[in-house]
There are 2 protein chains.
Amino acid sequence: MTAENGRSSHPVTMRDVAKVAGVSVATVSHVVNDNPNARIGEAARERVRRAIDELGYRPNALAKNLVSGHSKFIGLVADAIATTPFAGQIIHGAQDEAWKHGYVLLVANTEGNRAAEDEAIGMMLEHKVRGILYSTWYHRAAEIPRALLETDVVLVDCFSEAGEAPAVVPDEVEGGRSATRLLLDAGHRRIAIVNTTTPSPAHDGRLRGYREALDAAGIPFDETLVFDARPEQEGGYDVTGAVLATGATAVFCHNDRVAMGLYDGLRDRGLSIPSDVAVVGFDNQEVIAAHLRPPLTTVALPHYELGVLGVRLLLGLEPVPDGGRLAVACPPVIRSSV
Amino acid sequence: MTAENGRSSHPVTMRDVAKVAGVSVATVSHVVNDNPNARIGEAARERVRRAIDELGYRPNALAKNLVSGHSKFIGLVADAIATTPFAGQIIHGAQDEAWKHGYVLLVANTEGNRAAEDEAIGMMLEHKVRGILYSTWYHRAAEIPRALLETDVVLVDCFSEAGEAPAVVPDEVEGGRSATRLLLDAGHRRIAIVNTTTPSPAHDGRLRGYREALDAAGIPFDETLVFDARPEQEGGYDVTGAVLATGATAVFCHNDRVAMGLYDGLRDRGLSIPSDVAVVGFDNQEVIAAHLRPPLTTVALPHYELGVLGVRLLLGLEPVPDGGRLAVACPPVIRSSV
C-alpha cells in the first residue's frame with residue numbers, strides 16, 4: 001500500500017474491510033474463511049468482496065491454515081532437478097497442478113545431501129504440508145528418508161524397491177519400443193543400440209523395448225549390435241567405429257548427448273545423417289536435440305507429466321495403480337535424423 | 001511416527017513433551033519459541049530439549065510464525081529459471097543462503113505469465129514472507145509487478161530502469177573483457193566477436209568489454225570484425241563463412257550455443273580448433289561447453305552467486321551499492337579451444 005493513492009501506509013486489516021463494507025469484523029472473517037456455518041446474506045457478502053478488492057486486503061494465510069489445522073502446502077524434495085539441464089520441468093508440472101487445486105509448492109533442492117534432505121523434510125513437516133513429493137533427476141531406485149513416512153508421500157522419477165510409497169516413473173520399455181519403431185518404420189533392419197554403462201531402469205527398460213520392437217517386426221535379436229557407452233557425448237563419439245563395423249544402418253542412442261557425440265564421430269568419417277546412418281536419441285534435451293545438424297529425432301522424457309501426476313496421486317485425484325508404480329508414456333519427437 | 005518402535009501413531013504434541021520432561025506445557029512452549037522473557041532453569045530447558053529429540057516432536061511452524069508476527073519465508077518469483085537449462089543455479093544459491101540464516105525459500109516459477117506472477121506474489125504476501133527475490137532467466141530490464149513493492153524486494157539477474165529496487169546482475173563488461181583477454185593472451189590480434197541480434201545488457205556489455213580489452217592491448221577497434229547472429233547454434237553456423245572472410249584467427253562468441261554452431265561451420269570447412277581458429281564462448285552451459293570437441297573455453301555466468309547475493313541483500317547482510325546495482329564477476333573457465 002503506497003501513500004500516493006491517498007491510502008495510509010499500514011497494511012490493510014480486517015477492521016478496515018469491515019468499516020468500508022459496513023459489516024462486523026466477524027462477518028468479514030466468515031467470508032474470508034468460507035465458513036459454511038455462518039449465515040450471511042449475498043448482498044453483505046458481495047460488499048465484503050468488493051471492499052477486499054478495493055482496499056487490496058490480503059488475508060493472513062498463516063492464521064487461516066492454523067485455524068483449519070492443516071496448510072495448503074505440498075512439499076517437493078528433489079536431489080538436483082532445479083539445477084539439472086532439463087528435469088526442472090518436474091517442478092513446473094507439479095507447481096501447475098498444485099496451484100490448480102489451491103496448493104503452494106515448497107521446493108527444496110538438496111543436491112543429494114542426506115543432512116540437507118532431513119532438514120528440508122523437517123521444515124516441511126513443521127509447516128504441516130499436505131504431503132511430500134520426493135524426486136530424483138534421473139529414474140532410479142531410491143532409499144527413502146524415514147522422516148518422509150510421517151506424512152503422505154509420492155515418489156517422482158524414482159521408486160522404492162520395498163514399495164513403501166506410490167511412484168510415478170517414465171515408461172522406459174515403451175520408450176525403447178517407440179525409438180526402435182521409428183527406425184524400423186523408415187525401413188532399417190540392421191539397428192544398433194548404444195546403451196549406457198550405468199545399471200539403471202533406463203538401461204534395462206530401453207533395451208527390453210528395443211528387443212520387443214525387433215521381435216514384433218520379425219527381426220532376430222543380434223547381440224553384436226548392442227553397445228554400452230558412457231552416457232555422454234564422449235561415449236557416443238568413442239563407440240562410432242565399432243558401431244559402423246557391424247554394418248548397422250541405424251543407431252538408437254541411450255540419450256541425446258550420446259547421439260551428439262555419435263554425430264561428431266560420423267562426421268569425422270565423412271558420413272551423412274540420415275542418408276548414410278539414421279540416428280534416434282532419447283530424453284529430448286531441447287538445447288541439444290533441436291539444434292544439432294540435422295536436428296535430432298528422439299523420444300521425450302515426460303518430466304512435466306511426472307510432476308503433474310505426482311501431485312494428482314498425492315491428492316488422491318488419480319488411483320494408485322496395482323504394484324504402486326504409474327508408468328508414463330515417452331512420446332516420440334520427430335525431427336530430421338531418420 | 002510408526003507403530004513398530006512402540007509409539008502411538010498420533011503426532012507428538014507439546015503435551016507429550018511436557019509429560020516426559022516433567023514440566024508444564026507453558027514451559028515447553030517458552031523453550032520452543034525461544035521466549036526471552038521466560039525464566040526457565042537450564043536443567044528444565046535441557047530436559048525439554050532431550051524430550052523433544054527423544055519423541056521426535058516437531059513444533060508447528062505456522063503457529064510459531066503467527067505468534068512472532070512474521071514468517072521465516074523468503075519468496076523467489078522467477079519467470080523460467082527452474083525450467084531453463086542452466087539458470088536453476090540461481091535457485092540453488094538462494095536456497096543455500098536462505099537456509100544458512102534459518103529461512104525457507106518459497107519458489108514460484110511463472111513462465112513469464114503476469115496472472116501467474118500476481119497470484120504467486122499474492123500468495124507470498126499472504127504468507128508474510130520476509131521479502132521477495134524477483135528473477136529472470138537472462139539478464140534484462142524488468143517491469144516490476146506493483147504488488148512486489150508491498151514488501152522488501154531484490155531483483156536477481158534483472159533490474160528496474162526506474163531504480164525501484166536493488167538488483168544483483170552479472171558484470172557483462174568485465175565478462176567481455178575476460179573473454180577477449182583469453183584470446184589476446186594466446187597471441188591473437190585479429191579477433192572477431194559474434195554478438196547477439198537481441199538488444200540486451202549482454203549485447204552492449206560484452207561488446208564494450210571486448211573493445212576495452214582491445215584498447216588496453218593497443219589494438220584499434222575494427223567494425224568489420226563485429227557480427228550479430230541469432231544467439232543459438234544455427235546463428236553461429238550461418239555466420240562462419242563471413243567471419244572467416246575477415247581473416248580473423250580467433251572468435252569471441254556471444255554464448256556457448258553460438259560457439260557450438262561455429263564449431264560445426266569450421267569443421268565443415270576442414271578447419272581445426274584451436275590450431276586454425278581459436279574460439280571462446282560465454283555462459284559455461286556445462287552440457288554443451290564441457291563436451292564439445294575440443295571442450296570449449298568460456299566465461300561463466302555466476303548464477304549461483306547471483307542467488308546467494310540476492311538473499312544477502314534482502315536480509316541486509318550486504319550493503320546496497322551506489323546506483324542500486326551489484327555487478328558480479330563472470331570467471332573464465334579454461335578448456336581446450338584457445
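Visitor: How many Å separate the centres of domain 1 and domain 2 of chain A?

Guide: Domain bounds come from an automatic or database domain assignment. In this predicted model, the centres of domain 1 and domain 2 of chain A, taken over C-alpha atoms, are separated by 37 Å. The assignment gives chain A domain 1 (14–59), domain 2 (73–171 + 304–328) and domain 3 (172–299).

Visitor: What is the strand order of the open sheet in chain A?

Guide: Strands (E, at least two residues) and helices (H or I, at least four) are DSSP runs, numbered from the N terminus; two strands pair if DSSP finds at least two bridges between them. Here the 4 strands of chain A follow the order 7-6-8-9, with parallel pairing. Strand 7 (226–229) and strand 9 (278–280) of chain A are the edge strands, each pairing on one side only. Strand 8 (residues 250–253) of chain A pairs with strand 9 of chain A over 3 bridges, and A:Phe252 has A:Val280 as its bridge partner in strand 9.

Visitor: Is A:His188 buried or exposed?

Guide: Buried means under 20% relative accessible area, exposed over 50%, and partly exposed in between (1.4 Å probe, protein chains only). A:His188 has a relative accessible area of 14% and is therefore buried. A:His188 lies in the loop between helix 7 (172–185) and strand 6 (191–196) of chain A.

Visitor: Which residues does A:His188 contact beyond its neighbours within four places in sequence?

Guide: Contact means heavy atoms within 4.5 Å. By that criterion A:His188 is in contact with A:Leu183, A:Thr249, A:Ala250 and A:Ala278, its neighbours within four places in sequence being left aside.

Visitor: Where is A:Glu97 placed?

Guide: A:Glu97 belongs to helix 5 (residues 89–100) of chain A. Its relative accessible area is 3%, so A:Glu97 is buried. Not counting residues up to four places away in sequence, A:Glu97 touches A:Val308, A:Val311, A:Arg312 and A:Leu317.

Conventions
Residues numbered from 1 in each chain as written. Chains lettered and ligands numbered in written order. Predicted model: local features only at pLDDT ≥ 70, side-chain atom pairs only at ≥ 80, totals over all residues. Heavy atoms only, no water.
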